[in-house]
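I keep these notes for a reader who is new to the structure. Each entry records what I looked up and what I found.

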Amino acid sequence: MPAEVSPLELERLRPYLMRFALLQLRDRSAAEDAVQEALLAALQGAGQFAGQSSVRTWLIGILKHKIVDHIRKAARERLAAPPESEILTEDLEIFFGGDGHFTDPPLDWGNPESALEERRFFEALERCLQTLPQNTARAFMMRELMGLETEEICKELGVSPSNCWVMLYRARMNLRACLERTWFGAGTARAG
């Protein structure tokens with residue numbers, strides 16, 4: 001039996017959906033369009049919502065598809081231009097010794113599960129994602145938040161698998177450095 005989904009409940013989730021879409025698309029207008037399309041699809045498909053997940057999880061699933069649709073459309077519309085140059089924001093080699101191991105092991109991040117539940121952690125993560133080059137951030141979001149496979153990410157971004165892996169590596173290393181600076185290594189950042 002389908003669960004009941006009210007338009008008011010959908011509207012209350014709009015800010016959360018906007019943050020999610022804005023992180024992925026980095027364009028307020030495109031994010032608003034994707035959220036609007038997701039909410040419209042949810043209203044039209046409300047009778048099919050079985051209640052096996054939360055309304056928020058269901059909406060994020062719809063929004064993920066709308067975001068991918070937007071990225072596909074933008075890729076089709078994009079002129080044949082050279083790929084965005086991925087500028088490395090930090091020399092990542094400084095993290096590693098000659099043997100390939102970390103020169104300084106990562107800081108103790110405490111209990112990652114409890115950190116994930118903290119809203120301010122996600123705000124710090126959002127700020128760190130904004131510092132990454134657009135395609136690098138997009139590749140990371142597609143992989144880690146949207147759960148897309150490498151092949152799908154490559155198709156959407158128009159990059160080779162090896163380029164995708166490098167982008168994901170750079171994203172992870174830069175996010176690690178940023179989060180250690182702004183979240184895990186700065187106890188005052190969490191107190192305020």
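**Entry 1. Ground rules.** I worked with a predicted model, in which local features need pLDDT of at least 70 and side-chain atom pairs count only at pLDDT 80 or more, while totals for chains, interfaces and linings use all residues. I number residues from 1 along each chain as its sequence is written, and side-chain values use heavy atoms, with hydrogens and water left out.

**Entry 2. Overall fold.** I looked up the secondary structure, where helices (H or I, at least four residues) and strands (E, at least two) are DSSP runs numbered from the N terminus. The protein has 10 helices and 0 strands. Read from the N terminus, the order of elements is α-α-α-α-α-α-α-α-α-α. I then looked up burial, taking buried as under 20% relative accessible area, exposed as over 50% and partly exposed as in between (1.4 Å probe, protein chains only). Of the 192 residues, 37% count as buried.

**Entry 3. Helix H8.** Which residues of helix H8 are buried? In this helix, residues 150–157, I found Thr150, Ile153, Cys154, Glu156 and Leu157 buried. Viewed down the axis of H8, the buried residues fall within an arc of 165 degrees, so they line one face of the helix. The arc is that of the directions from the helix axis to the C-beta atoms. I noted a general point here: an α-helix has 3.6 residues a turn, so residues three or four places apart point the same way. On the face of H8 turned away from the buried side, I found the exposed residues Glu151 and Lys155. Gly158 follows H8 and has a positive phi, near 70 degrees.

Entry 4. I looked up Leu148, which lies in the loop between helix H7 (134–145) and H8. Leu148 counts as buried because its relative accessibility is 13%.

**Entry 5. Salt bridges.** I counted as a salt bridge a side-chain nitrogen of Lys or Arg within 4 Å of a carboxyl oxygen of Asp or Glu. How many salt bridges does the structure hold? I found 3 salt bridges.

- Arg172 forms a salt bridge with Glu144, and their closest N and O atoms are 2.5 Å apart. Arg172 lies in helix H9 (residues 161–184) and Glu144 in helix H7, so the pair ties together parts that are 28 residues apart in sequence. Arg172 is partly exposed at 37% relative accessible area, and Glu144 is partly exposed at 39%.
- Arg176 and Glu180 meet through their side chains at 3.2 Å, N to O. Both residues lie in helix H9, 4 residues apart, about one turn of the helix. Arg176 is buried at 8% relative accessible area, and Glu180 is buried at 13%.
- Arg14 and Glu11 form a salt bridge at 2.8 Å, N to O. Arg14 counts as partly exposed at 24% relative accessibility, and Glu11 is partly exposed at 41%.

**Entry 6. From H2 into H3.** I looked up Arg26, which is found in the loop between helix H2 (14–25) and H3. Phi of Arg26 is positive, near 55 degrees, in a residue other than glycine. Arg26 counts as partly exposed, with 24% relative accessibility. Asp33 is found in helix H3, residues 28–44, and counts as partly exposed at 43% relative accessibility.

**Entry 7. Contacts across the sequence.** Which residue of helix H4 did I look up? I looked up His70, found in helix H4, residues 55–77. His70 counts as partly exposed at 31% relative accessibility. His70 and Ala34 are 36 residues apart in sequence, and their C-alpha atoms are 7.3 Å apart in space. I also looked up Pro133, which lies in the loop between helix H6 (119–130) and H7. Pro133 counts as buried at 16% relative accessibility. From Pro133 to Ala171 the distance is 8.8 Å, C-alpha to C-alpha, with the two residues 38 apart in sequence.
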